[in-house]
Amino acid sequence: MSHTLLLLILLFAMVAINVPIAIALGASAVLVGFMMQGDFGFVGTILFSSLQKIELLAIPFFILAGHVFDRTGIMFRMFRFMDSLIGRVRGSTGLVASGVSVMLGGLSGSGPADTAALGSTLGPVMTKRGYSAPFTAALISAGGSLGLVVPPSVAFILYGIVVPGISIGKMFIAGILPGLLMGLLIAMTSYVISVRRGYDAVNDAFSLSVCIKAFWASVWGLLAPLTIVGGIYFGVFTPTEAAGVAVVYGLLVGLLLHREIGFRDLLPLLRVTAVDTSVVMLIVACASLFSWVLTVDGTIVVIVAGLARDLTAEWQVFLLAGFVLLIAGLFIDGASIYLVLVPMLMPAVRAFQIDLTWFGVFVAVAVAIGQFTPPVGVNLFVAARILDIKFERIIPDVLPFIGVSMLGLVLIYLFPAVSLWLPSTMPN
Amino acid sequence: MTPGILARVAVKGEYFVLEATLVLLVLVNATNVCARYVFGRSIGPLFEIMLLVSVAIYWLGAATAQRTESHLGMSYIVGRLPSSIARAAGLLRGFISVAFLLIVAYSGAALAMSQFRNGAISGSINMPLWVFTAFIPIGALLMAWRIVFPSRPRERAK
């Protein structure tokens, strides 16, 4: 039996019995690697070197930024401002939640972190306004996934690591319009469902003074994505620096301007950030072991090269990638998909000279869909836990969001300019 | 001092290290951003400090994540199995996880010892690498310990 086949069988068997994804990747790689090499010498070296990448340093900062912006009330102020603008429309809270998801995606970079922030802040408001808990969880899970597409995004950092030579800053800018497109599709779906089900008829009349007041209260929060994304766009910050700036900005606003938290409140934020980051990084480290075994065995390279030979058009590469990524997204998490599957697809992408930025955005959207697609969809678990409902109850309500997101994926393929126009305007 | 108190002190110490290292990372990164505007370039050694310190935080944090059962897994299939089979799957899961983590600890310790013996140091700040590599076996052993002796739900919630 080929080592690669054994590796994949072991991985799926372990994932099926609920071995943590990171350990399943690592344990299958260690076993097969030992069969190939005869010792465990490679384990420590790969685990140590896999995390020694400057690009990865941005991840803890962006996760911390997400927690800071949530805890300091910046996100809730954004919600109140948008609510003051369109609060009279039926289904407005769902629309506002979609808008806040896009804005939050511009502050943090992690899908589960964004889902947790949205769930804890907007979840109670939505259920109080008559939205069913499963629909709220479904909307928040889909909205949280935008964190992978709207810059800054952990997904683009991982893409930059597996595709050498790609500019992470450029990827961030490329994600803006697709992120807005996905946000719009999610908002439209939420609106249609809310109107059909009669959710959320707020009767207050529009008040300019309330609107202006809410704007002033949220102005520092509204400036944050502009500062972070604008800084990257104009080359003022590198992604890692922008991540650090986001944290400091959030802390300054939270501690000195809004004064909603004190220094004592920072410790739990640091703790939860360390844990969230480590969960991702253990996957990164173990996925590196897995990829190393795949590469040394070489079977997968032969298979992909064969596939690439059989493919005759660019659309077939996208179809294959979309199929593989969406199926993988049903069972494994985003970070593992990036580190294990994306490198396998790259030979075919390069063979057809597909624009790497365009393909990177396509991958991010496909992986983002996987984050709220059952049975694994990590965002669904986070939303279910926060809103205290059974995971299974969310599934029917999340299906329309999966459908429109797939439509978004097709649009991103059909119209490359959605991904490529903004990066083409970046100053050198 | 009872084992319970000892364990609580150890957990507090672990949290302190995690929080302190994350603060250090934030400060070092902020210093680097400022340096780029004041001196016109980043301070290379600061990146090296961040990279090395981050290894410590990731491995220690992975052990903390095990304590709070935050590592991602797929419970969908196991949740639908008869209880006796689910129990057997749970035992197998524990065995696989502990065996893997012991191999990581062994291999990480071997790497740290070889770095110590060879006097391996980092490129620009000349820090001994074994100090940071040692967090791989420490984190892996702590994770394995927590799989064998999981914390109580009340402690996890904290």
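This is a predicted model: local features need pLDDT of at least 70, side-chain atom pairs count only at pLDDT 80 or more; totals for chains, interfaces and linings use all residues.
Modeller: Local features here need pLDDT of at least 70, and side-chain atom pairs count only at pLDDT 80 or more. Residues are numbered from 1 along each chain, and side-chain values use heavy atoms, with hydrogens and water left out.

Colleague: Why are helix 12 and helix 13 of chain A called roughly antiparallel?

Modeller: Their axes, lines fitted to C-alpha atoms over the stretch in contact with angles from 0 to 180 degrees between N-to-C directions, cross at roughly 165° and come within 9 Å. Angles over 145 degrees count as roughly antiparallel, so the pair is roughly antiparallel.

Colleague: Which residues of helix 12 and helix 13 of chain A make the contact?

Modeller: With contact meaning heavy atoms within 4.5 Å, Trp220(A) and Leu223(A) are among those from helix 12 of chain A, and Ala242(A) and Tyr249(A) among those from helix 13 of chain A.

Colleague: How do you know whether Tyr233(A) is buried or exposed?

Modeller: Buried means under 20% relative accessible area and exposed over 50%, with partly exposed in between (1.4 Å probe, protein chains only). Tyr233(A) has 17%, so Tyr233(A) is buried. This residue lies in helix 12 of chain A, and the residues it touches include Ile173(A) and Leu422(A).

Colleague: And what makes His71(B) count as buried?

Modeller: Its relative accessibility is 14%, so His71(B) falls in the buried class too. His71(B) sits in the loop between helix 2 and helix 3 of chain B, and its contacts include Pro20(A), Val279(A) and Met143(B).

Terms used. Chains are lettered from A and ligands numbered from 1 in the order in which they are written. Helices (H or I, at least four residues) and strands (E, at least two) are DSSP runs, numbered from the N terminus. Angles under 35 degrees count as roughly parallel, over 145 as roughly antiparallel, 65 to 115 as roughly perpendicular and the rest as oblique. Lists of a residue's contacts leave out its neighbours within four places in sequence.
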